[in-house]
Amino acid sequence: MPAASFDPDFPCSLIISVPLPTHRLASSALRALSVDAELSPLVHRFFSLASQDASSDVTTNNSRSVDAAARSNGAAPLVMGAELARDIETLTVLRTGYKATTNRMLRVAVNGFMESLGVVLGVMEELDVDVLAEEGSD
């Protein structure tokens, strides 16, 4: 996500970075969480995928871009060069940025996001293979 600049209409802000094991999981989480718009006009939310070193960043604003759609349906290697496709695979950090008019509005929005994130991660853990590291082996 681009460096946040001060917005006098939305002075309270927060960026949440959630590292995930693979680009596929980060992309899936972004798509699952971005379908619902913020309910209040007093809060703006932005999603992006970034690499662990934060040198690359792909941003969406509650909608999927053409590039994001290509990556999500597996068409990225066909649409882009092999080098760029490898770079896309390094985007494993889901970043969510919030701007709000008050700290209270920011807290309410982030609490709702955390609940949704918990559901998404729980579904990934239960339904996907090798999503999260197992706590113990049998």
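This is a dialogue about reading the predicted model shown above.

Colleague: Let's start with the overall layout. How many helices and strands does the chain have, and in what order do the elements run?

Modeller: The secondary structure comes to 5 helices and 4 strands. Reading from the N terminus, the order is β-α-β-β-α-α-α-β-α. Keep in mind that this is a predicted model.

Colleague: And what share of the residues counts as buried?

Modeller: Of the 138 residues, 36% count as buried. The accessible surface comes to about 8,300 Å², and carbon and sulfur atoms hold 55% of that. For the fold as a whole, look at the contacts between residues at least 6 apart in sequence: 74% of them join residues at least 24 apart.

Colleague: On to the inside, then. Which residues of the largest nonpolar core touch the most other members?

Modeller: That core has 25 residues, and the ones touching the most other members are Leu20, Leu33, Leu94, Tyr98 and Phe113. Two or more residues each come from strand S1 (12–19), helix H1 (23–34), strand S2 (43–51), strand S4 (91–100) and helix H5 (103–127). H5 gives the largest share, 8 residues.

Colleague: Take Leu33 as a case. What is it in contact with, leaving aside neighbours within four places in sequence?

Modeller: Leu33 is in contact with Arg45, Phe47 and Leu94, and also with Phe113, Ser116, Leu117 and Val120.

Colleague: Several of those numbers fall in H5. How do I read the buried side of a helix?

Modeller: Start from the general idea: an α-helix has 3.6 residues a turn, so residues three or four places apart point the same way. Now the case here. The buried residues of H5 are Met105, Leu106, Ala109, Val110, Phe113, Leu117, Val120 and Met124. What covers them includes S1, H1, S2 and S4.

Colleague: What about the span of H5, from its first C-alpha to its last?

Modeller: H5 has 25 residues and reaches 36 Å, close to the 36 Å expected at 1.5 Å a residue.

Colleague: Now the aromatics. How many pairs are there?

Modeller: The count comes to 2 aromatic pairs. Start with Phe47 and Phe113: the ring centres are 6.5 Å apart and the planes sit at 50°, so that pair is tilted. Phe47 is in strand S2 and Phe113 in helix H5, so to speak distant parts of the chain, 66 residues apart. Both Phe47 and Phe113 are buried.

Colleague: And which type of pair do Tyr98 and Phe113 form?

Modeller: Tyr98 and Phe113 are edge-to-face, with 6.0 Å centre to centre and 70° between the planes. Tyr98 lies in strand S4 and Phe113 in helix H5, so this pair ties together parts that are 15 residues apart in sequence. As for accessibility, Tyr98 counts as buried at 2%, and Phe113 is buried with a relative accessible area of 3%. Put together, Phe47, Tyr98 and Phe113 form one aromatic cluster.

Colleague: Let's switch to charges. Which side chains meet in a salt bridge?

Modeller: The count comes to 1 salt bridge. Its partners are Glu38 and Arg45, at 3.3 Å from N to O. Here's one to check on screen: Arg45 counts as buried, because its relative accessibility is 7% and the cut-off for buried is under 20%.

Technical notes. Residues numbered from 1 in each chain as written. Predicted model: local features only at pLDDT ≥ 70, side-chain atom pairs only at ≥ 80, totals over all residues. Heavy atoms only, no water. Core = buried A, V, L, I, M, F, W, Y, C linked by side-chain atoms within 4.5 Å. Buried < 20%, exposed > 50% of the residue type's maximum accessible area, 1.4 Å probe, protein only. Contact = heavy atoms within 4.5 Å. Phe/Tyr/Trp six-rings, centres within 6.5 Å; stacked < 30°, edge-to-face > 60°. Expected span 1.5 Å × (residues − 1). Salt bridge = Lys/Arg side-chain N within 4 Å of Asp/Glu carboxyl O. Areas by Shrake-Rupley, 256 points an atom, 1.4 Å probe, with all protein chains shown as cover.
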